[in-house]
Amino acid sequence: DAQIERGIERYILRQREAQADSQANARASAATRAKNVRRVDVERDHVYGKLDAPVSLIEYSDFECPYCKLFHPTAKKIVDSYNGKVNWVYRHFPLGFHNPLAQLEAEASECAAALGGNEAFWRYADLVYERTNSNGKGLDPKMLTPFAGEIGLDEDEFEACLDSGRMTARVQEDFEEGTRIGISGTPGNIILDNANGEVTVAAGALPFEDMRRMIELF
């Protein structure tokens, strides 16, 4: 009996070691792919904070993801607490099981940006996250145009933009970029040193203190 127990213990230990090795390999692979993240382009990207901050928190996000909703104020707090060291770059990653609403919300945020610039994008994004209940059916799509009016945009121009579908490709470009660098869930966060290209993968809605510890390494 003792020999059988020792055999079981050795088996369990080997399984744990194999699992740990697998997880370590997955993290290393994720970090390698994340190094290919597109560098911040202030002409294209939505940037909150100092445009030339030395460190960027790049988030691939889904407006209908409850974890993204949870992380949204955390990301803002990070930027606000670092006095210019860190900016936040928002890229779209609408998950299939949250569509069509997540895709539509992303396109709506792009229409807000087209009509009102970077500030309008962030105000619109804040409003969507504040109002949605998440999980793909978090709000009535008919609310998207009135949201634009709430932040001072012309609702007719906004609706014409949204109905045209001209932002569909823009959102999908972000999604395809994220897929190529290994993003598979949201929020998919990458912390980037803009000077040397070093990255840290910080997937998920991590708490502020966990994110702060990672940023302190840059």
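Predicted model: local features only at pLDDT ≥ 70, side-chain atom pairs only at ≥ 80, totals over all residues.
**View 1. The disulfide between Cys-111 and Cys-161.** Here is the one disulfide that the structure holds. The sulfur atoms of Cys-111 and Cys-161 lie 2.1 Å apart.

**View 2. Cys-65 and Cys-68, each in no disulfide.** Have a look at the sulfur atoms of Cys-65 and Cys-68, which are 3.2 Å apart. A disulfide needs its sulfur atoms within 2.5 Å. For Cys-65, the nearest cysteine sulfur is that of Cys-68, and for Cys-68 it is that of Cys-65. Cys-65 has 2% relative accessibility and so counts as buried. Cys-68, at 0%, is buried too.

**View 3. Helix H3 packed against helix H5.** Two packed helices are described by the angle between their axes and the distance between the axes. For H3 and H5, the angle is about 140 degrees and the axes are 9 Å apart. The two helices are therefore oblique to each other, and H3 passes H5 in a right-handed crossing. On the H3 side you will find Leu-104, Glu-107, Ala-108, Cys-111, Ala-112, Leu-115 and Tyr-124, which meet Glu-157, Phe-158, Cys-161 and Leu-162 in H5. The residues of this contact comprise nine nonpolar and two charged ones, with no polar residues.

Key:
Residues numbered from 1 in each chain as written. Heavy atoms only, no water. Buried < 20%, exposed > 50% of the residue type's maximum accessible area, 1.4 Å probe, protein only. Axes fitted to C-alpha atoms, helices over the stretch in contact; angles between N-to-C directions. Helix = DSSP H or I, 4+ residues; strand = E, 2+ residues; numbered from the N terminus. Parallel < 35°, antiparallel > 145°, perpendicular 65-115°, else oblique. Left-handed = near helix turned anticlockwise from the far one by under 90°. Contact = heavy atoms within 4.5 Å. Nonpolar A, V, L, I, M, F, W, Y, C, P; charged D, E, K, R; others polar.
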